[in-house]
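Reader: I have a structure open and would like to talk it through. Can we start with the terms and then go to the details?

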Amino acid sequence: MYPYQQDWVRWTYPHPNMNVYPAFARWTPRPSDQLLTFVLIHGAWADTSFWDGIAYELRKLGHTVYVPEYPGHGADMNKNVTHAMLTKSIADYIVSRNLHDIVLVGHSFGGTLVQKVAELVPDRLKRLVFWNAFVLNDGEMVADEFPPAAQDLFAQLRESSPDDTIMLPFPLFRETFVNLASLGLAEQIYGQIRPEPAKPSYERLDLKKFYSLSVPRSYIYLTEDNVLPQFNSQYGWHPHMSNRLGLFRYIQGSGDHMTTAKTQPAMLAQKIYEAGRD
């Protein structure tokens, strides 16, 4: 068993190669003082199952949690999607359920969806939370934030695909997305990902309205995330992109891009709560 301890609370998780969510032994943290409504938006090469453990832990703490899927992901096999289609689907999900006072959380590519969804439903939002997430400048596209070597590789992968998608080679995925995982867990997570629609990452986004909004923002940074270059003024999650939020709450933790969501969901649920509460 693999122990994790934070703030005098101890959780114990099963061996990381075991695909078990809530069937693990642990000391459960106390319910949160403030109950919140979270809408969780996953990133690229993922689907809503990315949030399973974290959503479970947030609900255990008493929170209300919604996890919308968006086009081109999950059961949707149509990869011919645009960024606007993804954004609209999430906004429609929120409106159709008449959700208000939402803490909207985006991981990785999901940060760009949070930016655009915020423009569509600003009156329904309590706070925006970006977790190791892209925060784009007005007129920028996600691919602008890739270092040159990654841009070249992704262009080749996109061009060679039959349906304008990008599938990460395992060596790249293993060293960057799941660098803290055992080999077995890395292979297990890789076996669950699907080719990512390329088009939404190569569209320039008009974000003027986003940067005019006054919705409070938070940024969660897991320090071992190796997807983007670390300690580099031109690239990276924090402070390169986080500082674009202006005034924001900063929450830091230890973890990588994808492994930690599976191995330490209670810790991440607590970080997300700390980012979202008043």
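Author: Contact here means heavy atoms within 4.5 Å. Helices (H or I, at least four residues) and strands (E, at least two) are DSSP runs, numbered from the N terminus. This is a predicted model, where local features need pLDDT of at least 70, side-chain atom pairs count only at pLDDT 80 or more, and totals for chains, interfaces and linings use all residues. Residues are numbered from 1 along each chain as its sequence is written, and side-chain values use heavy atoms, with hydrogens and water left out.

Reader: Fine. What covers the buried residues of α1?

Author: The cover includes strands β3 (37-41), β4 (64-66) and β6 (125-131), plus helices α8 (259-263) and α9. Buried means under 20% relative accessible area, exposed over 50%, partly exposed in between (1.4 Å probe, protein chains only).

Reader: And which residues of α1 are buried?

Author: In α1 (residues 52-60) they are Gly53, Ile54, Ala55, Glu57 and Leu58. An α-helix has 3.6 residues a turn, so residues three or four places apart point the same way. After α1 comes glycine 62, with a positive phi near 105°.

Reader: How many helices and strands does the protein chain have?

Author: The chain has 9 helices and 10 strands. Of its 278 residues, 55% are buried.

Reader: Which residues touch the most other members of the largest nonpolar core?

Author: Trp45, Ile54, Leu104, Leu128, Phe130, Trp131 and Met258 do, in a core of 80 residues. Helix α9 (residues 265-276) supplies the largest share, 6 residues. A nonpolar core is a set of buried Ala, Val, Leu, Ile, Met, Phe, Trp, Tyr and Cys residues joined through side-chain atoms within 4.5 Å.

Reader: What is tryptophan 45 in contact with?

Author: Leaving aside neighbours within four places in sequence, the contacts of tryptophan 45 include Phe154, Ile166, Phe177, Arg194 and Met258.

Reader: Switching topic. Histidine 257: buried or exposed?

Author: Histidine 257 counts as buried because its relative accessibility is 1%. The residue lies in the loop between β10 (249-253) and α8.

Reader: Which side chain does histidine 257 join in a polar contact?

Author: That of aspartate 225, at 2.6 Å. A polar contact is a pair of N or O atoms within 3.5 Å; within protein, one must be able to donate a hydrogen and the other to accept it, and residues adjacent in sequence count only if both atoms are side-chain atoms. Not counting residues up to four places away in sequence, histidine 257 also touches others, including His107, Asn132 and Trp237.
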